[in-house]
Amino acid sequence: MGSILEIRDLRVAYRSRNGDLSRALDGVSFFLGPGEVLGVLGESGSGKSTLALSLLGLLPRDSVVASGAVLFQGRDLLKAEPRELQAIRGKNISLIFQEPSVALHPTMRVGRQVRQILDAHGMGDRDELVRRTREVFETLFAGEAERIARSYPHQLSGGQRQRVLIAQAIACRPSVVIADEPTASLDPTTQKEILDVFRGLRKNLGLTMIFITHNPALLSGFADRVLVFYAGRVAELGPAKRVLTSPKHPYTQALFRSIPPLDEPHDAGERSLPTIPPDPNRSFPPRSGCPFEPRCPERMEICKSRDPGFVSLSESHMVSCFRYENQ
Amino acid sequence: MNTAGRDKGMQPLLEVGNLVKTYSRRRLAGSGEGVRALDGVSFSIFRGTTLAIVGESGSGKSTLASCLACLEKPTSGAIRFEDKDIVTLSEEDLRAIRRQMQLIFQDPASSFNPRWGVGEILIEPLALQGNLGRDEMRTRAHALLEQVGLSSSMEAKLASELSGGQRQRLAIARALMLEPKVLILDEALSALDCSVQAQIANLLVDLQSSCGMTYLFITHDLAMAAHLADEIAVMSKGRIVEHGAPNKILNQPQSVITRELLAAVPRLGFAGTRVAES
Amino acid sequence: MPYLLRRFGHAIFLLIGVSVLAFVFTVLAPGNYFDEMRLNPQIAPESIVALKTQYEVDRPLPVRYLHWVGSVLRGDMGFSFAYNSPVAPLLFIRARNTLLLTITAMLLAWGIALPLGIWSAEHQGGVPDRLVSSGTAALMVIPDLALSLGLLVVAVKSGWFPMGGMVSLQFESLSFLGKIRDLFLHMALPIAALVISVLPLLVRHVRAAIAEVLDAPFLLAAQGHGIPRRTLLYGYALPAAANPLISLFGFSVGTLLSGSLLVEVVMSWPGLGPFLLEAILARDLYVVIGGVLLSTLFLVGGNFLADLLLYWADPRIRTEAGT
């Protein structure tokens, strides 16, 4: 099976002001198949945003790519020339940033912000650019396309701004779209609308997506596979249905347990949600061993000293946990 | 409305009657007539209980929060706190009431001066009141830090060094410094990770059972609202369209708005099944 | 639109206020041209009285002011006692000379400051940035007077540039190209002085404004969309950082008439500055007031221009203003 994107043992660290290195991605490997939606589930500090930025070479100056490869169309993007990268960004691989309220230029009309991207990738002469821009806006805004394209970001609602970000990402018909928390600041109805937009785009454009979120419920019925991120490492990776309904990694299980259920009866007595105990060593990640060990309800001696590898539970479901080692 | 207290025959702690808040054209950019952010809202909350206000953005939830926290004056209607009408109070009397109803926002980062230490942030509300000596304030700050699950050794840390969950705990501790009776939580959990939301939710529940804290929990997260609240009120376009116990709202929603809201909530697991353990 | 009208009204109000103040202060200042004339034995006392009546020196202030305003609006700015000719043409010629210098210097300064500041901000903390930083700091330390005098010394020593003035004595006899060359040579040093004195501050402001914007998420997002570097800097960062720079530009325009006084005096450039200085010393009332009014017009106009530009450049101001 050909994969569109392959990440191999990616290790990225940030250098703090006093020279210390803190690991953001600690050996991440996975691949992305054509036409699939990969949900990346991670909480703050898990490294999910670093992952998104590193795929396109957008990491800040104080970051260090220690090792690894990002393979796309036969090239390693980590070793690509700036010119090559610039040609790929927005055209072959697009990134939808978090926080639509700050990801758009404040004094440029949003239509122009999309047209500029088409222009940067040489998508035709002026008339062609205008036509393509209109097309994209009509896909996302139906009847209001004209009015929205002429608006400025501060005149639009959160949901509309999010759609503009999507428009920017799909304008050049990329093969891969990476969406970083695309629904984080939206209310449920708008969230659902945006998810429907993605579903439509997937169907009509055959988009391959990486959908990054901290809310597992969003991936339900949307993602094909789910990758669970913890402390810069892959904790669990498998078909969405499996991971979301019967997760294997203790972190994933604990995470899902901490979400209040909508469908069970609520009585006044049962008010405590199971939580994951805090990590006493938050600033000093352990050198070796499983990063979840200090908080893991099922930890064993071996978890402290050795890095758990990957255990294949089934054809495509794997877990990084010693609990499953001897099956 | 809220039956929990009524059974005991008590007076509601907070009673809102027909609250209306209109914003005139001048205040808003590019809108038409004045907008009725609140269009006749009424409810009551009894001491030690939680009322959740659930609605979409633009339903008027945040306006409600500011009016109740006395940050804005409603256009008309009554707000009764401990059976006193607070809408007509003078600025001085209002200050005393504000102490008792503290507001906690969604974005913990923007409500603190990032250059201040945790200790200073906590002491500020009391220092402004000017009643206690510095040592007393520090003692109280330490006690509250422990109570919200932060350690008192964090006193010197800068607000910018705290995580999102820690900042919300700090916000709650700061609110508690004034010994309020009501906490108005305006999307206070929405920006946090799921596991952190659970921690803060548990903290809120603990505080309620140990201090008899009363909560007005404003959110668009129906699941969390159902988990925390004794009663849920669904808001849309400045009005309460439905209210009742969580079980009733979730399982027998009467209003179209409620049903739409329920349909829009993303659910973990497939076909409504709960996550199965391995 | 109502916003712009308000700003315009504000500007007019300022103009009127300044004109009143200028008029009042000048008239109230001790000493007057006619006292000096009285000292001159060749002028008969009767002529002085006649002149005084002609210039309405004895009428009450408000009346004189209103009469003056009326004539100014008709294009008549009064009469210069010292030059014995109408004020307006005198002022305008001098103002033209000054503007020749200052407009060129302003365009040059901004033309250098923008790319330099942007380049410096782009390489924050790196060698280019530190070079520019220390360079501008060094230039800012030099007092304007020292600068102008220093350049004059250069003129004397090298003999490449004339030592002052605006045109050579034989200007009229030169060919068209010759005239251009002559003017250019005379302008070179004063413009150099003006540009050097103003450039460092401009560069620093541009750098600061751009540096602030470079960290913004929308720039990273644009980069993520494959927008090339040049467009990112000039098409995205610069417009976003424009607000403080536009205000600064308005201020630059505002000081077009007044900022070059020192340079003009040192380099004997026949501009508005030296002219006004003479007029003040000679108590030439209407020249002084006319000059002050003209300068104020530019200042207020510059500010209003900045308001206009801001309104056009920043849509957020437009929506806020529309309420």
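Two residues are in contact if their C-beta atoms, placed from the backbone, lie within 7 Å. The model described here is predicted, so local features need pLDDT of at least 70 and side-chain atom pairs count only at pLDDT 80 or more, while totals for chains, interfaces and linings use all residues. Residues are numbered from 1 along each chain as its sequence is written, and chains are lettered from A and ligands numbered from 1 in the order in which they are written.

Chain A has 11 helices and 12 strands (DSSP runs numbered from the N terminus: H or I of at least four residues for helices, E of at least two for strands). Its radius of gyration, 21 Å, is close to the 20 Å that the globule rule gives for 327 residues, so chain A is as compact as a globular protein of that length. The radius is taken over C-alpha atoms, and the rule is 2.2 Å times the number of residues to the power 0.38. Of the 327 residues in chain A, 47% are buried, meaning that 20 or more other C-beta atoms lie within 10 Å of the residue's own, with C-beta atoms placed from the backbone.

Chain A touches chain B: 36 residues of chain A are in contact with 37 residues of chain B. On the chain B side, helix 7 (194-211), helix 8 (222-228), helix 9 (246-251) and helix 10 (256-264) each supply at least two residues. Helix 7 of chain B gives the largest share, seven residues.

In chain C, helix 9 (residues 217-224) has buried residues, including Phe218(C) and Ala221(C). The buried residues of this helix pack against strand 6 (93-96) and helix 3 (100-103) of chain A, together with helix 10 (229-240) of chain C. Just after helix 9 of chain C, Gly226(C) takes a positive phi of about 90 degrees.

Key
A residue is buried if 20 or more other C-beta atoms lie within 10 Å of its own, exposed if 12 or fewer, and partly exposed in between; C-beta atoms are placed from the backbone.
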